[in-house]
Amino acid sequence: MHRNRRRIAALRESLALAWQALRSWSTRQILIATASAVAVAIVLGVATVLIPNGLFTREIPPVWWNYPVWLITSAVTGLLIGTYVQPQRSAADVVAPAPDASHEGSGSAASSREERRTGRFAVAGGMLAWFAVGCPVCNKIALIALGYTGALTWFAPAQPLLAAAALILSTVAAVWRLRGQVACPLPAPRAQAVTA
């Protein structure tokens, strides 16, 4: 019981930090996140024929939950891409470090691990979303592995679980990245030495 309270408190803290990071985003970050979300929505929607097009076909029509999963995954992926954009800094924000100051340290290994983990979660979430909202019998991997009947019998019922996993992984990756912008901000860029 005490462990669950700690987990809930940690989740609340992470969400609060993520919200704080979002509120501090620059216009540039917001524009890039929005453009990325639209681009992901178009690519995923066209490839899975949630957006009707002449490039791809879909033998099994989409079900109602395909659309919210597609749009939420696109929005969260756009947010995630926005976290990789450097915020605009004014000249007053750039601080010259002391000559012996180093940005390397014990935190860099931990941040590198977290960076890899969020990247893996984001890629896995995107791939699972594609499998989740796509046509079960149009998916060549499922079709080769299970056959037409197997894809309908085994893969199609598993798609809602894939959708849930995709949403969870993508959201966790975005929250981790956003939280890291506030809890562990990047060091200020080194000021360029001006020679007279």
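The legends below describe close-up views of one predicted model.

Local features need pLDDT of at least 70, side-chain atom pairs count only at pLDDT 80 or more, and totals for chains, interfaces and linings use all residues. Residues are numbered from 1 along each chain as its sequence is written, and side-chain values use heavy atoms, with hydrogens and water left out.

**View 1. The overall fold is built from five helices and zero strands.** Helices (H or I, at least four residues) and strands (E, at least two) are DSSP runs, numbered from the N terminus. Along the sequence the pattern reads α-α-α-α-α. The protein has 196 residues, and 30% of them are buried. Buried means under 20% relative accessible area, exposed over 50%, and partly exposed in between (1.4 Å probe, protein chains only). Take the contacts between residues at least 6 apart in sequence: 79% join residues at least 24 apart. A contact here means heavy atoms within 4.5 Å.

**View 2. The largest nonpolar core has nine residues.** They are A41, L44, L50, W65, V69, W70, A132, V133 and A163. A nonpolar core is a set of buried Ala, Val, Leu, Ile, Met, Phe, Trp, Tyr and Cys residues joined through side-chain atoms within 4.5 Å. Helices α2 (27–47), α3 (66–82) and α4 (106–133) each give two or more residues to this core. A second, separate core has six residues, including A21, W25, A33 and L178.

**View 3. Helices α1 and α5 cross at roughly 75 degrees.** Two packed helices are described by the angle between their axes and the distance between the axes. Here α1 spans residues 2–23, α5 spans residues 140–183, and the axes come within 7 Å. Axes are lines fitted to C-alpha atoms, for helices over the stretch in contact, and angles run from 0 to 180 degrees between N-to-C directions. From α1, the residues S14, L15, L17, A18, Q20, A21 and L22 meet V175, L178, R179, Q181, V182 and A183 of α5. The residues of this contact divide into nine nonpolar, three polar and one charged. Ala, Val, Leu, Ile, Met, Phe, Trp, Tyr, Cys and Pro count as nonpolar, Asp, Glu, Lys and Arg as charged, and the others, Gly among them, as polar.

**View 4. T48 sits in the loop between α2 and α3.** T48 is buried, with a relative accessible area of 3%. A polar atom of its side chain lies 2.6 Å from the backbone oxygen of L44. Beyond its neighbours within four places in sequence, T48 contacts R58, W130, V133 and G134.

**View 5. Q159 belongs to helix α5.** Q159 is buried, at 5% relative accessible area. The backbone oxygen of G134 is 2.8 Å from a polar atom of the Q159 side chain. Leaving aside neighbours within four places in sequence, Q159 is in contact with W65, F131, A132, G134 and P136.

**View 6. I60 lies in the loop between α2 and α3.** I60 is partly exposed, with a relative accessible area of 24%. I60 and C138 are 78 residues apart along the chain, and their C-alpha atoms are separated by 8.2 Å. Not counting residues up to four places away in sequence, I60 touches C135, P136, V137, Y148 and L152.

Terms used: Polar contact = N/O pair within 3.5 Å; in protein donor to acceptor, adjacent residues only side chain to side chain.
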